[in-house]
Amino acid sequence: GSEFVTQVQNPLNPDDEYDLIDTVMQIPFEARDIKKYRIMEDWVFDYNYSDFRGRIIAIAPLFNLTSSGVDLGEQPLFWVKMEDLRPILVNQEVFNPYNDAARISFDDWFEMRMFSSYIVKESNVWDSDIKEYEEYKDDGLEALLRAEEIKNDLFIFEHDLWEY
């Protein structure tokens, strides 16, 4: 499990709503609670191969935090560098949805980008996700459209590198 510190009303002084004390809350964690992973990657242009590709840097399991029935949202539990994870992924087999006779490892699965994903963040000074921007706070559709816009900007960048 894990724990975090929060403030609760002091039980010795129930009449004063501003008398708060720090309390450690336990978060029971089980592997089956992990439904999503966050993938951190760099998109780089390789001038030797004239290729624009994503390179996975790290992977984090997302855990949905709740406290006293209040949903605190999904948070990465920890980050694992892909280079440290690769020796494990190479030895773990995954189902190939396109060919059930061909065996592939999780490393192949990531390298061939067989996972589905959407952009949640791009490099910025404030290190904030798209959903944290004021203009997207209450509008999930606009946040997804912004993610598609970022994806399109990457496509245009790659396209502009070629001459026809």
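The following passage describes the overall form of a predicted protein model and the surroundings of selected residues within it.

The model is predicted, so local features were considered only at pLDDT of at least 70 and side-chain atom pairs only at pLDDT 80 or more, whereas totals for chains, interfaces and linings include all residues. Residues are numbered from 1 along each chain as its sequence is written, and side-chain values use heavy atoms, with hydrogens and water left out.

The protein contains three helices and eight strands, where helices (H or I, at least four residues) and strands (E, at least two) are DSSP runs numbered from the N terminus. Along the sequence, these elements follow the order β-β-β-β-β-β-α-β-β-α-α. The C-alpha atoms occupy a box of roughly 75 × 40 × 25 Å along the principal axes. The radius of gyration, taken over C-alpha atoms, is 21 Å, while a compact globule of 164 residues would have a value near 15 Å; the globule rule is 2.2 Å times the number of residues to the power 0.38.

Of the 164 residues, 22% are buried, a class defined by a relative accessible area under 20%, with exposed meaning over 50% and partly exposed lying in between (1.4 Å probe, protein chains only). The protein exposes about 12900 Å², of which carbon and sulfur atoms supply 52%; accessible areas come from the Shrake-Rupley method with a 1.4 Å probe, and for residues only the protein chains shown count as cover. Among contacts (heavy atoms within 4.5 Å) between residues at least 6 apart in sequence, 30% join residues at least 24 apart. The mean positions of the 15 positive and 36 negative charges are separated by 6 Å. In this count Lys and Arg are positive and Asp and Glu negative, with His and the chain ends not counted; each charge is placed at NZ of Lys, CZ of Arg, CG of Asp or CD of Glu.

Strand β8 spans residues 104-105 and includes Ile 104, and Ser 105 lies in this strand as well. Ile 104 has a relative accessibility of 9% and therefore counts as buried; Ser 105, at 9%, is likewise buried. Leaving aside residues up to four places away in sequence, Ile 104 touches Gln 92, Glu 93, Val 94, Asn 96, Trp 109, Met 112 and Met 114. With neighbours within four places again left aside, Ser 105 is in contact with Leu 89, Val 90, Gln 92, Glu 93 and Val 94. The C-alpha atoms of Ile 104 and Ile 156 are 32 Å apart, at a sequence separation of 52 residues.

Four aromatic pairs are found in the whole structure. Rings of Phe, Tyr and Trp (its six-membered ring) pair if their centres lie within 6.5 Å, and planes under 30 degrees apart count as stacked, over 60 as edge-to-face and the rest as tilted. The rings of Phe 106 and Trp 109 have centres 5.8 Å apart and planes at 85 degrees, so this pair is edge-to-face. Both residues lie in helix α2 (residues 106-111), three residues apart, about one turn of the helix. Phe 106 is partly exposed at 27% relative accessible area, whereas Trp 109 is buried at 19%. The rings of Phe 110 and Phe 115 have centres 5.8 Å apart and planes at 55 degrees, so this pair is tilted; Phe 110 and Phe 115 are both buried. Phe 106, Trp 109, Phe 110 and Phe 115 form one aromatic cluster.

Arg 113 is located in the loop between α2 and α3 (140-160). Although not a glycine, Arg 113 has a positive phi of about 55 degrees, and its relative accessible area of 29% makes it partly exposed.
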